[in-house]
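The sequence and structure come before the discussion.

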Amino acid sequence: MATINDIGVAAAINIVTALAFLLAFAIFRIQPVNDRVYFPKWYLKGLRSSSIQTGGFGSKFINLDFRSYIRFLNWMPEALKMPEPELVDHAGLDSVVYLRIYLLGLKIFFPIACVAFTAMVPVNWTNKGLDRLRHYNISFSDIDKLSLSNIPNGSPRFWVHLCMAYAITFWTCFILKREYQNIALMRLQFLANDQRRPNQFTVLVRNIPSDPHESICELVEHFFKVNHPDHYLTFQAVHDATKLSELVLTRKQMQNLLDYNINKHMRNQSNRPVIKMGFLGCCGEEADGIKYYTSVVEGLTREIAEEKQRLRTGTKSIVPAAFVSFKTRWGAAVCAQTQQTRNPTEWVTEWAAEPRDIYYDNLALPYVDLKIRRLIVGVAYFFLTFFFMIPIAFVQSLANIEGIEKAFPFLKPLIEVKFLKSIIQGFLPGIALKIFLLFLPRILMQMSKFEGFVSTSSLERRAATRFYMFQFINVFLGSIVTGTAFQQLNSFLNQSANDIPKTIGVSIPMKATFFITYIMVDGWAGVAGEILRLKPLIIYHLKNSFLVRTEKDREEATDPGTIGFNTGEPQIQLYFLLGLVYAAVSPILLPFILVFFGLAFVVYRHQVINVYNQKYESAGKFWPDVHRRVVIALVVSQLLLMGLLSTKHASKSTPLLLVLPLLTIGFHKHCKNRYQPAFVTYPLQEAMIKDTLDRIREPNFNLKAFLRDAYAHPEFRVGEDPEPEEKLESDMSPPELVATKRGSWRNTPLTSKQSCRDIP
């Protein structure tokens, strides 16, 4: 069990590590050779084109301006200077809402920590409950005397914890409601001020029924001209373009090699570049590099053109899904938010994500297969969660050496060295758990892709949900259960079964020491390591030295990545869970959490401004998930406190806690009914206002040309010139009649001008 000395050793190690990371970053970021690593976003925006130079050859690699080293910590105030509205324009609303999660943590836990250390810590410390339990062979340290476990059974002082639980609940709900309201308003304002985008006019239609008389393209056009005659504009079919994607990727690689050989020849025109045709270019016959790659690129270009033509003219590659666009936002909102036919499983419509957010690989999946895929993933996720208990138990065995020493005395000489024991108990468990969780996000993301979600944002939200559930079950509950078992192993072996619940009730608050070590490793050193970007720094310099041949290679080597909602948000939620659970049980945890939220806010604000480049914009659509998980953490904290007080024979105070979960759930339902619609649906009033303003400001805007290729598969647009614009059809044009191939529908309003051959 970790003692105060162990926590001190762990804190010293993590503080020194965090300061070393921050100092290294402050020095590395001002070196010209690292400029693309620490400021890639400005390069992508075209606002930064060269590194710092003070003259001479050495200035291209090392900053020789010694005055800049004096101001090496100025990145912190600079990260806080940019106002929030300007940050929305610079990085998008998703990034700003993500940063507000850290602010939410500070707003919730700072007042709670002040009250807890003023009222609860003195009450816990001045009792002798743990001293009276020595005859039960329960292991504890001096730091555990700050927790609820140190109060004797049946003590009237439990009223302090009861009042604290009510204060925590009301304060958390107040902050949550205000934040939900503010972000909902920010989202509506963002959508109202947003420029015209294709997703505002487009819906995704899935599970299109088959018809023996008409192709999917004809069926889609026919259906929407009949059921949305005044607002339907155009549609884009969805193709299974797997082969085309492979050809385009191969041509991109060959074109890059061709550019490299051409540049090599231009630097030394007396020698033609030569390549070897054998294994990995190391052996075999020699050939002219430019001629060889030119012929390969030309051959691939012909194959790509043939594959595009096959996809355009054929019908076998078209899947039963389509992107349908409308003349107005109002028409798109009506279609996306209503049921289209009597059968709710056919012609299923939903808002289309913006084009850069679409995950095209899953559009070709049959809609009926999604339920089966999600069942398979659910079973796989269950076994993944269950078997991960093994490494969790191993981590907890490291965190509870004293309990194992009592049960297995022969291990005692191996871990008797005091300093080594402090490192093992105070530092090793947190770093071991961090390592075990390292590859989990990738596994969960692959599961989400297999489930069939059609946008990157929905993939990340699904992976984040599973990651949070995984951490709740394994990291939180698993650590408590297995940690208590290891910690009080000797007690369990020498007491009756009736006393085991009492021992667990005493031990759970004492698990705060393990979570403190984890917070310091992940939340202090881990966040400081995030801003250092050591892995991207090494990868960039390795690629720049050995793999970068062209400017396109250099751009790919400096890919900044994204903020990583699927990994970052569940990790933040773990701190909310720990803070709310232990606020009324063991408040010693709260200062460590506050340091995390404060440091992380500054670090990630800097990263959002200078590094991360979001691949999509959902306008903060993930906030309801954030709100729901904080509410879950609040309910879990209330139930856990209720269980702990029942083991402490606080029979009079325990029933009063039954009201809190009911109030919290009612509060959540109120917020869900009041604010969540702003994140799910688009108000028709807002849509009409935007449409009216567009007609006034740009009455002759060619919307059909704007939407024509917006949702075409990206590979269709490679190497093609834009088509000439068409004239926008008037909304007031009289309906005409069109013949249909279906025997049941002989005539349909409006002439059919599109077929599968015209869809890109």
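Helices here are DSSP runs of H or I with at least four residues, numbered from the N terminus. The model is predicted. With helices assigned this way, Phe472 and Phe476 both fall in helix 19 (residues 456–487), where they are 4 residues apart, about one turn of the helix. An α-helix has 3.6 residues a turn, so residues three or four places apart point the same way. Phe476 has a relative accessible area of 1% and is buried.

**Aromatic pairs**

The count of aromatic pairs comes to 33. One of them joins Phe109 and Phe576; the planes of these rings meet at 40° and their centres are 5.9 Å apart, so the pair is tilted. Planes under 30 degrees apart would count as stacked and over 60 as edge-to-face. Phe109 belongs to helix 7 (residues 93–125) and Phe576 to helix 25 (residues 565–583), so the pair ties together parts that are 467 residues apart in sequence.

Are these two residues, Phe109 and Phe576, buried or exposed? Phe109 is buried, because its relative accessibility is 0%. Phe576, also with a relative accessible area of 0%, is buried as well. In contrast to the tilted pair, Phe472 and Phe476 form a stacked pair, with 6.0 Å centre to centre and 25° between the planes.

Phe109 and Phe576 are also members of one aromatic cluster, which includes Tyr98, Tyr102, Tyr575, Phe596, Phe597 and Tyr604.

**Charges over rings**

Two arginine side chains lie over the faces of phenylalanine rings.

| Charged residue | Ring | Distance to ring centre |
|---|---|---|
| Arg196 | Phe701 | 3.9 Å |
| Arg374 | Phe453 | 4.6 Å |

**Nonpolar surface patch**

On the surface, a nonpolar patch is formed by Leu375, Val379, Phe382, Phe383, Phe386, Phe387 and Ile390, and together these residues have about 770 Å² of accessible area. Helix 13 (residues 369–387) supplies the largest share of the patch, 6 residues. Leu375 lies in helix 13. With a relative accessible area of 58%, Leu375 is exposed, because the limit for that class is over 50%.

**Helix 9**

Helix 9 (residues 216–227) has 12 residues, which at 1.5 Å a residue should span 16 Å; the end C-alpha atoms are 16 Å apart, so the two values agree. Which residues of helix 9 are buried? They are Cys217, Leu219, Val220, Glu221, His222, Phe223, Phe224 and Lys225.

Key:
Residues numbered from 1 in each chain as written. Predicted model: local features only at pLDDT ≥ 70, side-chain atom pairs only at ≥ 80, totals over all residues. Heavy atoms only, no water. Patch = residues over 30% accessible without salt bridge, like charges linked within 9 Å, V, L, I, M, F, W, Y side chains within 5 Å. Areas by Shrake-Rupley, 256 points an atom, 1.4 Å probe, with all protein chains shown as cover. Salt bridge = Lys/Arg side-chain N within 4 Å of Asp/Glu carboxyl O. Helix = DSSP H or I, 4+ residues; strand = E, 2+ residues; numbered from the N terminus. Buried < 20%, exposed > 50% of the residue type's maximum accessible area, 1.4 Å probe, protein only. Phe/Tyr/Trp six-rings, centres within 6.5 Å; stacked < 30°, edge-to-face > 60°. Lys NZ or Arg CZ within 6 Å of the ring centre and 35° of its normal. Expected span 1.5 Å × (residues − 1).
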